[in-house]
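Q: Could we go through this one together? I'd like to start with a hairpin and then move on to helix packing.

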Amino acid sequence: MDSLRSKENLNRFESIFGKTKELPRLFQAPARINIIGEHVDYLGGIVLPAAIDFFVQVYLRPNNTASYNLHSVTYNETVELKKPLQPNSKSPWTDYISGVISEIEKKGHIVPGFDLLVDGNIPQGSGLSSSAAFEVVTGYAIQETFGLVISREEIALIGQRAENNFVGTKCGIMDQFIIAVGKKDDCISLNTSTLKYSYHHFELGNNEFYLINSKVKHSLKDSAYNNRREECESALVKIRAKYPKFTHLYEVELSDKELDECHLTNEELKRTKHVTSERERTKVVIDGLETGDFKTVGSSLFQTHWSLSKDFEVSCPEIDFIVDSLQSLGVTGARMIGGGFGGCVLVLDMKEHFSKIDAVLKKSYQQKFNVEIDFYKFQISDGVKEISI
């Protein structure tokens with residue numbers, strides 16, 4: 001977000017909440033992409049995310065009261081919250097803040113009253129994780145403002161628990177984690193079972209990643225996301241009844257005959273097939289990026305997409321059309337990213353191909369769906385931080 005917009009929001013903050021001797025502090029959290037490892041972050045899998053330069057920003061200032069006064073620029077709405085904090089059906093965007101406050105206080109901290117203004121340029125419903133960015137920036141701003149001793153990794157876990165327990169989406173840890181610990185020009189490989197992670201720096205040369213927004217807005221809260229998680233959990237229960245050595249679905253290595261003996265439903269079998277095949281693709285992609293074998297990386301991205309579409313069943317006709325078209329146009333690789341049911345496609349291709357892809361796909365998509373898609377170029381950025389004003 002540009003500095004002019006940040007300054008406008010400072011003026012907006014002071015016009016809504018008043019001026020005091022203490023200036024509000026400005027905090028910023030990025031969006032994220034995940035290169036490989038989709039729908040495995042709640043199943044003990046390895047993921048390869050990076051923070052990117054779309055942001056949620058909050059201004060926060062203590063108000064020496066027992067109230068939390070909140071303003072959303074996006075919704076042009078001001079809401080006052082008091083304890084005990086409850087889900088707010090009239091202004092559901094406040095649930096992310098309430099959830100973070102509640103989870104911080106469960107850890108034994110006290111969160112005094114404050115005034116907060118939030119704004120952002122992450123396209124909502126795009127699958128770039130605006131909700132996780134909101135949770136992480138809120139937790140980080142509270143921690144920094146009130147001098148609480150909470151690590152970045154714990155802020156990520158607080159954000160995840162806020163979404164699980166207060167908002168009601170059973171998301172994994174990946175989004176919040178990369179937003180909390182991201183580093184400019186690096187992605188991380190994160191073991192979501194142990195939370196061990198390492199930074200990876202990749203030189204893309206004449207290649208680039210970019211995003212295509214299908215303009216199909218998804219809401220994980222309202223989608224079949226939780227159903228997919230339940231299907232994976234029930235599959236693991238049945239597998240563990242016969243093979244108790246497996247702690248996570250991601251670890252399962254069984255033949256078709258052995259899986260057949262576990263009496264999985266057709267849906268459970270398909271979900272298991274995606275998760276276990278994604279494990280192998282993730283290894284291939286990490287190796288390929290490190291050695292510059294972009295053709296192999298791209299092939300794995302396509303394989304992941306069609307696995308997500310056919311076996312995990314979290315795509316939609318618009319997204320499948322984009323990926324199928326890109327494959328026909330000869331791009332290096334592409335796949336849906338995020339929870340699914342809409343949002344964005346991640347593309348890996350040669351930089352010189354972009355102008356052709358842009359023109360052809362915009363036209364064909366408009367003709368088929370009567371919607372104009374957006375293309376987003378991005379840079380890999382730092383995680384959550386304070387911005388000096």
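**Hairpins and a helix pair**

A: Happy to, bearing in mind that this is a predicted model. In the hairpin of S4 and S5, which has four residues between the strands, Asn 76 takes a positive phi near 50°.

Q: In which sense do S4 and S5 pair, and over how many bridges?

A: Strand S4, residues 68–72, pairs with strand S5, residues 77–81, in the antiparallel sense, and the pairing runs over five bridges.

Q: And which residue in S5 stands opposite Leu 70?

A: That is Val 79.

Q: Switching to helices, at what angle do H4 and H5 pack?

A: Helix H4 (residues 152–167) and helix H5 (residues 174–181) pack at an angle of about 150°, and their axes are 8 Å apart. With angles over 145 degrees counted as roughly antiparallel, the two helices are therefore roughly antiparallel to each other.

Q: Is the crossing left-handed or right-handed, and which residues make the contact?

A: H4 passes H5 in a right-handed crossing. From H4 the contact takes Arg 152, Glu 153, Ala 156, Gly 159, Gln 160 and Glu 163, while H5 brings in Gln 176, Phe 177, Ala 180 and Val 181.

Definitions and conventions. Residues are numbered from 1 along each chain as its sequence is written. This is a predicted model: local features need pLDDT of at least 70, side-chain atom pairs count only at pLDDT 80 or more; totals for chains, interfaces and linings use all residues. Side-chain values use heavy atoms; hydrogens and water are left out. Two strands pair if DSSP finds at least two bridges between them. Axes are lines fitted to C-alpha atoms, for helices over the stretch in contact, and angles run from 0 to 180 degrees between N-to-C directions. Angles under 35 degrees count as roughly parallel, over 145 as roughly antiparallel, 65 to 115 as roughly perpendicular and the rest as oblique. A crossing is left-handed if the near helix is turned anticlockwise from the far one by less than a right angle, and right-handed if clockwise. Contact means heavy atoms within 4.5 Å.
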